[in-house]
Amino acid sequence: QVQLVESGGGLVQPGGSLRLSCAASGGTFDNFDIYAMGWFRQAPGQEREFVAALSRSGDSTTYQDSVKGRFIIYRDNAKNTVYLQMNSLNPEDTAVYYCAARVTLLVDRNSYYTGQSDYGYWGRGTQVTVSS
């Protein structure tokens with residue numbers, strides 16, 4: 001069974017940090033390094049939005065403006081896992097965070113993708129709440 005499973009969410013005070021993990025398993029996820037990865041989030045009453053993306057190679061990243069300098073996306077192919085390190089969290093970061101995966105050709109190994117429709121696989125999400 002092909003799946004992405006997020007973890008690491010929780011309640012944190014403003015200014016705090018969390019590290020989200022997204023573990024891939026099953027099917028072609030055994031070749032995790034062929035996937036470009038992304039993180040999205042959805043706050044209550046709002047549309048799901050792009051947060052961060054990482055190329056298949058791991059060499060290229062991009063971020064939503066509001067998280068630049070605070071969040072870092074990176075991957076560990078040996079563990080079939082992508083991470084989102086979140087620092088200096090504020091209440092506006094409260095949302096359900098989803099990871100997503102896209103099969104990517106070798107020729108596009110340094111490309112990242114920011115659109116939801118770019119991704120074919122999604123996890124079920126993990127809740128992040130920033131509150132005092």
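This is a predicted model: local features need pLDDT of at least 70, side-chain atom pairs count only at pLDDT 80 or more; totals for chains, interfaces and linings use all residues.

Student: OK, charges. How many salt bridges are found in the whole structure?
Tutor: A search of the whole structure finds four.

Student: Which residue does Arg 41 form a salt bridge with?
Tutor: Its partner is Asp 93. The closest N and O atoms are 3.0 Å apart.

Student: Are Arg 41 and Asp 93 buried or exposed?
Tutor: Arg 41 is buried, and Asp 93 is too. For Asp 93 the relative accessible area is 1%. The cut-off for buried is under 20%, so Asp 93 falls in that class.

Student: And what does Arg 70 pair with?
Tutor: Arg 70 forms a salt bridge with Asp 93, with the closest N and O atoms 2.8 Å apart. Arg 70 lies in the loop between strand S6 (61-63) and strand S7 (71-76), while Asp 93 is in the loop between S8 and S9, so this pair ties together parts that are 23 residues apart in sequence. Arg 70 has 14% relative accessibility, so it counts as buried.

Student: Which residues end up in one network?
Tutor: Arg 41, Glu 49, Arg 70 and Asp 93. They are joined by salt bridges that share partners.

Student: What about Lys 68? Which residue is its salt bridge partner?
Tutor: Lys 68 pairs with Asp 65, and the closest N and O atoms are 3.0 Å apart. Asp 65 is exposed, at 63% relative accessibility.

Student: Why would such side chains pair at all?
Tutor: Opposite charges can pair when the charged atoms come close.

Student: New topic, the core. Which residues touch the most other members of the largest nonpolar core?
Tutor: Trp 39, Phe 71, Leu 84, Met 86 and Tyr 97. This core has 29 residues.

Student: Which strands supply at least two residues each?
Tutor: Strand S3 (18-25), S4, strand S5 (49-54), S7, S8, S9 and strand S11 (126-130).

Student: Let's zoom in on Leu 84. What is it in contact with?
Tutor: Leaving aside neighbours within four places in sequence, its contacts include Leu 18, Leu 20, Trp 39, Val 51, Phe 71, Ile 73 and Tyr 97. Arg 19 is among them too.

Student: What lies apart from that core?
Tutor: Another core, of seven residues. Phe 40, Phe 50, Ala 53 and Tyr 113 are among them.

Student: Now the rings. How many aromatic pairs are there?
Tutor: The count comes to six. One of them is Phe 40 with Tyr 119, an edge-to-face pair: 5.6 Å centre to centre, with 80° between the planes.

Student: How are the rings of Phe 40 and Trp 122 arranged?
Tutor: Their centres are 5.0 Å apart and their planes are at 55°, so the pair is tilted. Phe 40 is in strand S4 and Trp 122 in strand S10, so this pair ties together parts that are 82 residues apart in sequence.

Student: Is Trp 122 buried, exposed or partly exposed?
Tutor: Trp 122 is partly exposed, with a relative accessible area of 26%. Phe 40 is at 0%, so Phe 40 counts as buried.

Student: Which residues do the ring pairs link into a cluster?
Tutor: Phe 40, Phe 50, Tyr 119 and Trp 122.

Student: Last one, Asn 80. What about its phi?
Tutor: Phi of Asn 80 is near 50°, a positive value in a residue other than glycine. Asn 80 sits in the loop between S7 and S8. Asn 80 is buried, with a relative accessible area of 15%.

Definitions and conventions: Residues are numbered from 1 along each chain as its sequence is written. Side-chain values use heavy atoms; hydrogens and water are left out. A salt bridge is a side-chain nitrogen of Lys or Arg within 4 Å of a carboxyl oxygen of Asp or Glu. Buried means under 20% relative accessible area, exposed over 50%, partly exposed in between (1.4 Å probe, protein chains only). Helices (H or I, at least four residues) and strands (E, at least two) are DSSP runs, numbered from the N terminus. A nonpolar core is a set of buried Ala, Val, Leu, Ile, Met, Phe, Trp, Tyr and Cys residues joined through side-chain atoms within 4.5 Å. Contact means heavy atoms within 4.5 Å. Rings of Phe, Tyr and Trp (its six-membered ring) pair if their centres lie within 6.5 Å; planes under 30 degrees apart count as stacked, over 60 as edge-to-face and the rest as tilted.
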